[in-house]
Amino acid sequence: MKFFVDTADINDIKDLESTGLLDGVTTNPSLIAKSGQNFLELIPEICKVVKGPVSAEVAATDYDTMQKEADKLAKIADNIAVKVPLTEAGLKVCKNLSDNGTMVNVTLCFSAGQALLAAKAGAAFISPFVGRLDDICLDGLDLIADICTIYNNYDFKTEVLVASVRNPVHIIESAKMGADVATCPPNVIRQLYKHPLTDKGLAAFVEDWKNTGQSIL
Ligand code: E4P
């Protein structure tokens with residue numbers, strides 16, 4: 001499973017990139033607003049830090065303006081994935097860009113039918129929002145299972161990018177289903193390192209080693 005970080009915070013992106021475990025970045029207009037940064041300056045900077053796909057989202061909702069924005073974003077760097085909403089206009093833009101070899105991430109997916117349309121439009125990534133479905137008392141992971149099954153049935157190349165991830169369980173359960181990517185807030189990626197028995201075991205090893213009086217270096 002690939003790990004993308006879902007943030008527009010360049011410091012978090014640099015920190016996670018330094019682990020060697022980061023495969024890409026996703027941003028959205030809300031994350032850009034939260035960062036307080038200039039979108040058209042920030043995205044090229046992120047694309048230099050991370051070699052994998054960097055999702056940059058259009059702001060327009062009508063087809064003509066969305067296509068112009070998408071064309072502009074696509075030119076920023078080779079690793080840009082233009083992010084479009086799962087609407088009729090968004091999927092038309094997706095088809096145009098995909099036909100020309102640009103990666104497209106179709107976002108705001110909440111149903112298997114929507115995911116099927118995005119795959120047919122040639123999306124490189126489909127982003128089903130697990131956490132936001134959980135928030136309204138539906139099981140977001142059921143949607144991941146359905147999309148993985150459907151994409152496998154037809155051998156679609158579109159990658160399942162699990163989005164709106166809120167905790168490590170979302171990641172592990174999606175990985176068991178064979179989802180291709182999880183895009184996670186920085187704190188959720190960092191939670192994956194953690195286990196109380198690791199902390200406890202390490203503390204005992206450190207203490208016992210100290211008692212030997214030895215040094216490796
Ligand atoms: C995905 O690309 C979105 O940016 C993101 O995962 C949305 O997550 P949220 O529901 O926590 O805002």
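The structure is a predicted model in which local features require a pLDDT of at least 70 and side-chain atom pairs count only at pLDDT 80 or more, while totals for chains, interfaces and linings use all residues. Residues are numbered from 1 along each chain as its sequence is written, and side-chain values use heavy atoms, with hydrogens and water left out.

The chain contains 11 helices and eight strands; helices (H or I, at least four residues) and strands (E, at least two) are DSSP runs, numbered from the N terminus. Along the principal axes, the C-alpha atoms occupy a box of roughly 70 × 40 × 30 Å. Of the 217 residues in the chain, 43% are buried, where buried denotes under 20% relative accessible area, exposed over 50%, and partly exposed in between (1.4 Å probe, protein chains only). The chain exposes about 11500 Å², of which carbon and sulfur atoms supply 55%; accessible areas come from the Shrake-Rupley method with a 1.4 Å probe, and for residues only the protein chains shown count as cover. Contacts are defined by heavy atoms within 4.5 Å. Among those between residues at least 6 apart in sequence, 56% join residues at least 24 apart.

The ligand takes up the space of the largest pocket. A pocket is defined on a 1 Å grid over the protein atoms alone, as an open set of points where a 1.4 Å probe fits, with protein on both sides within 12 Å along at least five of seven lines; a molecule sits in a pocket if more than half of its atoms lie within 2 Å of its grid points. The ligand is surrounded by Asp6, Thr26, Asn28, Lys83, Phe129, Arg132, Ala163, Ser164 and Arg166, a residue being near a molecule if one of its heavy atoms lies within 4 Å of it. The protein covers 85% of the 350 Å² of accessible area that the ligand has on its own.

Phe129, one of the residues around the ligand, lies in the loop between strand S6 (125–128) and helix H7. Its relative accessible area is 8%, so Phe129 is buried. Beyond its neighbours within four places in sequence, Phe129 is in contact with Thr107, Leu108, Cys109, Phe110, Ala163 and Ser164. The C-alpha atoms of Phe129 and Ser111, 18 residues apart in sequence, are 9.4 Å apart in space. Leu108, a contact partner of Phe129, belongs to strand S5 (residues 103–109). Leu108 counts as partly exposed because its relative accessibility is 32%. Its phi is near 60°, a positive value in a residue other than glycine.

Thr183 is located in strand S8 (residues 181–184) and, at 2% relative accessibility, is buried. A polar contact of 2.5 Å joins the side chains of Thr183 and Thr26; a polar contact is a pair of N or O atoms within 3.5 Å, and within protein one must be able to donate a hydrogen and the other to accept it, with residues adjacent in sequence counting only if both atoms are side-chain atoms. Apart from neighbours within four places in sequence, the contacts of Thr183 are Phe4, Val5, Asp6, Thr26, Leu161, Val162, Ala163 and Val165. With a relative accessible area of 0%, Thr27 is buried. The side chain of Thr27 reaches the backbone oxygen of Ser55 at 2.7 Å. Residues up to four places away in sequence being excluded, Thr27 touches Thr7, Ala8, Ile32, Ile43, Ile46, Ser55, Ala56, Glu57 and Lys83.

Cys137 is placed in the loop between helix H7 (130–135) and helix H8 (140–154), and is exposed, with a relative accessible area of 73%. Cys137 has a positive phi of about 65° although it is not a glycine. Ile150 lies in helix H8 and is partly exposed, at 22% relative accessibility. Ile150 touches Ala112, Leu116 and Phe156, residues up to four places away in sequence not being counted. The C-alpha atoms of Ile150 and Leu116, 34 residues apart along the chain, are separated by 7.6 Å.

How values were computed
1 Å grid on protein atoms, 1.4 Å probe; cavity = no way out; pocket = protein on both sides within 12 Å on 5 of 7 lines; lining within 4 Å.
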